[in-house]
Amino acid sequence: MEQYPMTSLAILAALVLFFVLGALVGAARGKYGVAAPACTGNEHFERRYRVHMNTLEQLVLFLPAIVLAAPVLGDEITAALGLFWSVGRIVFARAYYADPAKRSLGFVLTITPWAVLLIAAAWGAIATLT
């Protein structure tokens, strides 16, 4: 990623965010009395747990897409999309913690940059075939 330092920082930001969301799950275990390995038992704990797991599910899609899109879009645009993705995850988390029914904006803010990255990655791959 030497050619894409800003994209690398955006990826690191996403990974730090994932770590922080995991730490919030751990703190919620103590606060709400949900002993490991249980994943249920308190609604507020379960919200934090689901946000963390949903972010993991999204990371599996996001990370390859951002790496494959960087050579196509360039460092600055790819990094901006990566940071936008992380902001979307924060909006998603805050909304889900308050009321899971209101998570839609955060989801859209997450899926939109991912879709752009995916399309760019596909475009780049297909373009090299011709």
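Which residues have the most contacts inside the largest nonpolar core?

**Entry 1. Basis.** I worked on a predicted model, in which local features need pLDDT of at least 70, side-chain atom pairs count only at pLDDT 80 or more, and totals for chains, interfaces and linings use all residues. Residues are numbered from 1 along each chain as its sequence is written, and side-chain values use heavy atoms, with hydrogens and water left out.

**Entry 2. Cores.** I looked up the nonpolar cores (buried Ala, Val, Leu, Ile, Met, Phe, Trp, Tyr and Cys residues joined through side-chain atoms within 4.5 Å). Buried here means under 20% relative accessible area, exposed over 50%, and partly exposed in between, with a 1.4 Å probe and protein chains only. The largest core has 15 residues, and Ala14, Leu59, Phe62, Ile66, Trp85 and Leu117 have the most contacts inside it. Helix 1, helix 2, helix 3 and helix 4 (104-129) each give two or more residues to this core. Helix 2 gives the most, with five residues. I take helices as DSSP runs of H or I with at least four residues, numbered from the N terminus. For Ala14 I list contacts (heavy atoms within 4.5 Å). Leaving aside residues up to four places away in sequence, Ala14 touches Leu59, Phe62, Trp85 and Ser86. A second, separate core has seven residues, including Leu21, Val51, Phe92 and Tyr96.

**Entry 3. Helix 1.** I find 28 residues in helix 1 (residues 5-32). Among its buried residues are Ala14, Leu17, Phe18 and Leu21. Helix 2 and helix 3 (75-98) are included in what covers the buried residues of helix 1. Just after this helix, Gly33 takes a positive phi of about 70°.

**Entry 4. Helix 2.** I note a bend of about 30° at Leu59 in helix 2 (residues 43-73); the bend is the angle between axes fitted to the seven residues ending there and the seven starting there. Gly74, with a positive phi near 90°, follows the helix.

**Entry 5. Aromatic pairs.** I count three aromatic pairs in the structure. Rings of Phe, Tyr and Trp (its six-membered ring) pair if their centres lie within 6.5 Å; planes under 30 degrees apart count as stacked, over 60 as edge-to-face and the rest as tilted. Phe45 and Tyr49 are stacked, at 6.0 Å centre to centre and 25° between the planes. Both lie in helix 2, four residues apart. Phe45 is buried, with a relative accessible area of 0%, whereas Tyr49 is partly exposed because its relative accessibility is 22%. Phe92 and Tyr96 form a tilted pair, at 5.6 Å centre to centre and 35° between the planes. Phe92 and Tyr96 are both buried.

How values were computed
The expected span of a helix is 1.5 Å times one less than its number of residues.
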